[in-house]
Amino acid sequence: MEYAIELRNITKEFPGIKANDNINLKVRKNEVHSLLGENGSGKSTLMNILFGLYQPDEGDIYINGEKANIKNPEDAHRYGIGMVHQHFMLVEQMTALENIILGNESSGFFLNKSKSYKIVKEMVDKYGFKIDLNEKVSNLSIGMKQRVEILKTLYRGAEIVILDEPSAVLTPQEVIELYGIINSLKEKGKTVIFITHKLNEIMEVADSITVIRRGKVISSLSKCETTPEKLAHEMVGRNVETIVSNENIKLGKTVLKIKNVNLLTKNKDTISLEIKEGEILGIAGVDGNGQLQLEETVIGLKPQVPEKVFFNGVDIGQMSISQRKSMGIGYIPSDRFHRAILPSFSVKENVLLGFHDNEPFVNKGIINNKNLLSKTESLIEEFDVRVPNASVSINKLSGGNQQKVVLARETSQNPSLIIAAQPTRGLDVGAIEFIHRNLLSLKKQGKAILLISAELSEVMNLSDKIAVMFEGKIQGIIERKDFDKERIGRLMAGN
């Protein structure tokens, strides 16, 4: 059988890490082939080799049965390969059409925009993309921006489309729409490689699956030959548990108290809530209903007038973020990339963030590198961070390992309150299990936890109480014994 793609004995090493270890992969024409693995398993590295961003140390690539020499993305385009990355590469102030044709204009020296528009519009109609080509990219939703990226690859003649973790930043509705686009690409004769760590997505769109664990292929099989449970075991190398809070812990004093705080300027509704020692208060709701503003209010990004926010009985409404953290508030932000880490900094330097005035890391403004390195190495071991050493840039780590660094940093200073906002967004099943275990361990230690998550199952599994938010107000607060998915869903919709 002739395959659209055949990778033979691909090996790729980075300092301290063998990202791909003698990998063999075959992808049939006109199928959706899923590449499944934990964060950091090597699946994105493998596809970056196929797309010409990396060169393999060993191994060969065959496209449609012929050996291919792919040294850069331009070579990949010539072989009909396109790739949509997790982080979009779009010019925000240009229109969707201008981004699609940028660098590949069809009419020589002078841009024939009407001709380009006609070509792209035919593609939009063919694949059912439903997008306004004349809209500025800055005004488009994340899902629409992703469509622009896919159209860019198709405009360049891609017959093989690589989608790298395409649902990581999408809303549930946009994920469903993405499934439709993938099916449309397949129906029109394209071959799709779908990189993911989400088992539900595999069962929804894949025809065949290759599982990669720590740089090696564990199995290659068709979807009908497996189950989500089997895939999870192969992906992680053990059975993965669903972590559920079922331990009743005696609650202590009130740690966080919020009184009549307005979160959304578009209405005058206010919220009030409190969290006690040893309690997880979950915030459920569709994204955009005030959860981000609640997170910002507690940590100090959205200061409040006095007598609104109290931490251990102290009015902190006007205090700075650093003051709040020094008092004992740990913060796991919903936007890891922009609020939790400095991507170009090392793991060691990221452990210092927010605690750069604290002993024993800093004394009289001078960093004690020995103490910082020792602390970082102990956290790497305790939190099972997959990294060759503490001096590696944190942007070299997978999303799951970055999140473990953030969790380690924010809980290592013995806070009495942890704000955990979207703590497992974009993580694989193994990392999710790890984060959930740690949150419940912190609860057992008597910590108060504000858990804000768009994943209703996560909120229901971990929380002692759930406050359901809709349009900036709390629709209801439900005790664990009364949890009911249907009821919570109705409250999330404002009913």
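Student: Before we start on this predicted model, what does "buried" mean for a residue?

Tutor: Good place to begin! The word rests on relative accessible area: over 50% counts as exposed, and partly exposed lies in between. Buried means a relative accessible area under 20%.

Student: Where is glutamate 165 placed, and what is its phi?

Tutor: Look between strand S7 (160–164) and helix H6 (172–187), for glutamate 165 sits in the loop there. Most residues other than glycine have a negative phi. Glutamate 165 is not a glycine, yet its phi is positive, at about 45 degrees.

Student: Which residue forms a salt bridge with glutamate 165?

Tutor: Side chains of opposite charge can pair when their charged atoms come close. Here the closest N and O atoms are 3.6 Å apart, and a salt bridge needs them within 4 Å. The partner is lysine 43.

Student: How many residues apart in sequence are the parts that this pair ties together?

Tutor: Start with the two places: lysine 43 lies in helix H1 (residues 43–50), while glutamate 165 is in the loop between S7 and H6. Lysine 43 counts as buried too, at 4% relative accessibility. The pair therefore ties together parts whose separation in sequence is 122 residues.

Student: What is the phi of glutamine 422?

Tutor: First find glutamine 422 in the loop between strand S19 (417–421) and helix H15 (429–444). With a relative accessible area of 9%, glutamine 422 is buried. Though not a glycine, glutamine 422 has a positive phi of about 50 degrees.

Student: What is the order of the strands in the open sheet of six strands?

Tutor: Strands of a sheet pair through backbone hydrogen bonds, either parallel or antiparallel. In this open sheet the pairing is mixed, and the order is S16-S19-S20-S13-S21-S22.

Student: Which are the edge strands?

Tutor: An edge strand here pairs on one side only. Neighbouring strands of this sheet are turned against each other by 15 degrees on average, direction ignored. The edge strands are S22 and strand S16 (329–332).

Student: In S20, which residue is the bridge partner of isoleucine 280?

Tutor: Take the pair formed by strand S13 (residues 280–284) and strand S20 (residues 448–452), which is parallel and has four bridges. Across it, the partner of isoleucine 280 in S20 is isoleucine 449.

Student: What angle does the direction of H15 make with that of S20?

Tutor: H15 packs on the sheet and touches S13, S19 and S20. Its direction and that of S20 make an angle of about 150 degrees.

Student: At what angle does helix H14 run to S16?

Tutor: Helix H14 covers residues 399–411 and lies across S16 and S19. Its angle to S16 is about 170 degrees.

Student: Which residue takes a positive phi in the hairpin of S21 and S22?

Tutor: Strand S21 (residues 465–470) and strand S22 (residues 473–479) run antiparallel, joined by six bridges. One of these pairs isoleucine 466 with isoleucine 478 in S22. The hairpin has two residues between the strands, and the residue with a positive phi near 50 degrees is glutamate 471.

Student: How far apart are the closest N and O atoms of arginine 78 and aspartate 75?

Tutor: Both lie in helix H2 (residues 73–78); being three residues apart, they are separated by about one helical turn. Arginine 78 counts as exposed at 62% relative accessibility, whereas aspartate 75 counts as buried at 12%. In their salt bridge, the closest N and O atoms are 2.3 Å apart.

Methods:
Residues are numbered from 1 along each chain as its sequence is written. This is a predicted model: local features need pLDDT of at least 70, side-chain atom pairs count only at pLDDT 80 or more; totals for chains, interfaces and linings use all residues. Side-chain values use heavy atoms; hydrogens and water are left out. Two strands pair if DSSP finds at least two bridges between them. Buried means under 20% relative accessible area, exposed over 50%, partly exposed in between (1.4 Å probe, protein chains only). Axes are lines fitted to C-alpha atoms, for helices over the stretch in contact, and angles run from 0 to 180 degrees between N-to-C directions. Contact means heavy atoms within 4.5 Å. A salt bridge is a side-chain nitrogen of Lys or Arg within 4 Å of a carboxyl oxygen of Asp or Glu.
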